[in-house]
Amino acid sequence: MAKRIAAVLIDLSGTIHIEDTVIPGAIEALKRLRTTQVKIKFVTNTTKESKHVLHERLKKIGFSIDNEEIFTSLTAARQLIDKRNLRPLMLIADAAKEDFSGVCCENENSVLVGLAPEHFNYECLTTAFRLLLDGAPLIAIHKARYYKRGDGLALGPGAFVSGLEYSSGCKAEVVGKPEAAFFHSALQDLGCTPDQAVMIGDDMHDDVCGAMKAGLAGILVKTGKYRLGDEGQAEPSPSYVAEDFPQAVDFIINNLLQSQ
């Protein structure tokens, strides 16, 4: 991979931390990356908690990250809701609802789905299904198949979104990774174009392939939800495969940075 880059997009869960556990060496690696003056944005599909709660978690476990450096799929979903004046039935975690403060949810005219274990029950899903049958749009914050928890892999919202699509006959509009618009919005905040950027993540489909199809380089790390052979399960192939975030940072510093 010969391209030189000016911006790095970094996934959070599974890449630099798993819940309240830091990926070994990630804090120090981030400090090394910051010394290069490269532009950094943390991009995440995490929907189980608000951006504020997520930021506080990251600070608590030792990361020095500004709130403005975090770009979430919740933010993208809120922007879409405001733009279209939607009144969504929200199947999202209660801890994430802070990011939708002020959104009207009376007389719902849409369905919003994120990771919501406490709401993924028959009655809630049936209520959503009936709205969709009446023509309400289905908005998926993302469609991840699974994610990594402290006790192992856990089912993501993708299965529930797909179930609603199948039963209602509608197609969900996805706002988070791997959608190109998500990556482009994050880069716009940095004043960079896709060919100037690289994405680091543990999800071959949503992080790496999504970023590369959007014009970025993509580095897959073998932590978090990574499973043996993931790098060969989708196209395009990763620009680089690293054992972990520290190795990904070292590769970037040694091979991809523009002269400072």
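Visitor: Which residues does His-119 touch, once residues up to four places away in sequence are not counted?

Guide: His-119 touches Leu-91, Ile-92, Asp-94, Lys-97 and Cys-124, where contact means heavy atoms within 4.5 Å. This is a predicted model, in which local features need pLDDT of at least 70 and side-chain atom pairs count only at pLDDT 80 or more, while totals for chains, interfaces and linings use all residues. Residues are numbered from 1 along each chain as its sequence is written, and side-chain values use heavy atoms, with hydrogens and water left out.

Visitor: Where is His-119 found, and why is His-119 called buried?

Guide: His-119 is found in the loop between strand 7 and helix 4; helices (H or I, at least four residues) and strands (E, at least two) are DSSP runs, numbered from the N terminus. Buried means under 20% relative accessible area, exposed means over 50%, and partly exposed lies in between, with a 1.4 Å probe and protein chains only. The relative accessible area of His-119 is 16%, so His-119 counts as buried.

Visitor: What makes both faces of strand 7 covered?

Guide: Strand 7 consists of residues 110-113, with Ser-110 and Leu-112 on one side and Val-111 and Val-113 on the other, and all of these are buried.

Visitor: How do you know that strand 6 and strand 7 pair?

Guide: Two strands pair if DSSP finds at least two bridges between them. Strand 6 (residues 88-91) and strand 7 have four bridges, so they pair, and they do so in the parallel sense; Met-90 stands opposite Leu-112 in strand 7. Strand 7 and strand 8 (residues 138-140) have three bridges, so they also pair, again in the parallel sense, and here Val-113 stands opposite Ala-140 in strand 8. From strand 7 the chain crosses through helix 4 (residues 122-133) to strand 8, a β-α-β crossover that is right-handed, a word used if, with the strands pointing away from the viewer, the path from the first strand over the helix to the second runs clockwise.

Visitor: How many helices and strands does the protein chain have, and why is it called as compact as a globular protein of that length?

Guide: The protein chain has eight helices and 14 strands. Its radius of gyration is 18 Å, close to the 18 Å that the globule rule gives for 260 residues, so the protein chain is as compact as a globular protein of that length. The radius of gyration is taken over C-alpha atoms, and the globule rule is 2.2 Å times the number of residues to the power 0.38. Buried residues make up 54% of the 260 residues.

Visitor: Why is the aromatic pair of Phe-71 and Phe-182 called tilted?

Guide: A pair of aromatic rings is described by the distance of the centres and the angle of the planes. Rings of Phe, Tyr and Trp (its six-membered ring) pair if their centres lie within 6.5 Å, and planes under 30 degrees apart count as stacked, over 60 as edge-to-face and the rest as tilted. By this rule the count comes to four aromatic pairs. Phe-71 and Phe-182 are 5.0 Å apart centre to centre with 45° between the planes, so they are a pair and the pair is tilted. Phe-71 lies in strand 5 (residues 70-72) and Phe-182 in helix 6 (residues 180-190), so the pair ties together parts that are 111 residues apart in sequence. Phe-71 counts as buried at 6% relative accessibility, and Phe-182 counts as buried at 1%.

Visitor: What makes the aromatic pair of Tyr-240 and Phe-251 stacked?

Guide: Tyr-240 and Phe-251 are 3.9 Å apart centre to centre with 5° between the planes, so this pair counts as stacked. Tyr-240 lies in strand 14 (residues 240-242) and Phe-251 in helix 8 (residues 245-255), so the pair ties together parts that are eleven residues apart in sequence. Tyr-240 has 24% relative accessibility and therefore counts as partly exposed, whereas Phe-251, with a relative accessible area of 14%, is buried.

Visitor: Why is Gln-37 called exposed?

Guide: The relative accessible area of Gln-37 is 59%, so Gln-37 is exposed. Gln-37 is found in the loop between helix 1 (26-34) and strand 4 (39-44), and its phi is near 75°, a positive value in a residue other than glycine.
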